[in-house]
Amino acid sequence: MKLLAVVRSTHMGNTMQIAEAMAEVAPLTIADFDDIGKYNLSQYDAVGFGGGINAGSHDPKLIKFIEKLPAAPKYSFVFSTSATGKYQKYNKKLISLLEQKGSKVLGSFGCKGLCKFFIFALAGGINKGRPNIDDFDAAQSFIEDVMKNLEKEKSVNK
């Protein structure tokens, strides 16, 4: 099994930390978004797309990248970090884009992350110490579930 995580982590590095935690328990290659041209997405069993949430959305560059994909990966997953941790709401756009392109989304994950954006910087940021060990454990459980879902999908679609 080969997994790829495309990560757009620009503010505090929170989402990259989540990807790194997932890679500790999964055969996951992490691709920094700025280096994505070096990877052939079709060579992976599932491709994850992750990034920090800013103003209620993933980074516009990540969204445009998915919109312009000539073919979406057959299987995918989505993850994010944000000031609020409301990932179900924030990940919907990427999930919808991937599904519209024919990708089967195997899961969605998110957690709070340290945020020093705009007014939060005046107080030294919010969610200090996040992501934390509990978030990393949850991310590892998430990627294990993604792998189980992938195996189920592959066995059904033989």
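Keep in mind that the model is predicted.

Let's start with the layout. The protein chain holds five helices and five strands, and read from the N terminus these elements follow the order β-α-β-β-α-β-α-α-β-α. Of the 158 residues in the chain, 46% are buried. If you take the contacts between residues at least 6 apart in sequence, 74% of them join residues at least 24 apart.

Now look inside. The largest nonpolar core has 24 residues, and L3, I18, M22, F77 and F79 are those with the most contacts within this core. Two or more residues each come from β1 (3-8), α1 (14-23), β4 (75-82), β5 (104-112) and α5 (133-156). Helix α5 gives the most to this core, with seven residues. Apart from it lies another core, made of 19 residues, including L41, L62, I66 and V78.

Finally, turn to helices α2 (residues 60-68) and α4 (residues 92-100). How do they pack against each other? Their axes come within 9 Å and cross at roughly 10°. Angles under 35 degrees count as roughly parallel, and α2 and α4 are therefore roughly parallel to each other. The crossing of α2 past α4 is left-handed. On the α2 side, L62, I63, I66 and E67 take part, meeting K93, L94, L97 and L98 of α4. By type, the residues of this contact comprise six nonpolar and two charged, with no polar ones. Two of the α2 residues here, L62 and I66, are also among the members of the 19-residue core.

Conventions. Residues are numbered from 1 along each chain as its sequence is written. This is a predicted model: local features need pLDDT of at least 70, side-chain atom pairs count only at pLDDT 80 or more; totals for chains, interfaces and linings use all residues. Side-chain values use heavy atoms; hydrogens and water are left out. A nonpolar core is a set of buried Ala, Val, Leu, Ile, Met, Phe, Trp, Tyr and Cys residues joined through side-chain atoms within 4.5 Å. Buried means under 20% relative accessible area, exposed over 50%, partly exposed in between (1.4 Å probe, protein chains only). Helices (H or I, at least four residues) and strands (E, at least two) are DSSP runs, numbered from the N terminus. Axes are lines fitted to C-alpha atoms, for helices over the stretch in contact, and angles run from 0 to 180 degrees between N-to-C directions. Angles under 35 degrees count as roughly parallel, over 145 as roughly antiparallel, 65 to 115 as roughly perpendicular and the rest as oblique. A crossing is left-handed if the near helix is turned anticlockwise from the far one by less than a right angle, and right-handed if clockwise. Contact means heavy atoms within 4.5 Å. Ala, Val, Leu, Ile, Met, Phe, Trp, Tyr, Cys and Pro count as nonpolar, Asp, Glu, Lys and Arg as charged, and the others, Gly among them, as polar.
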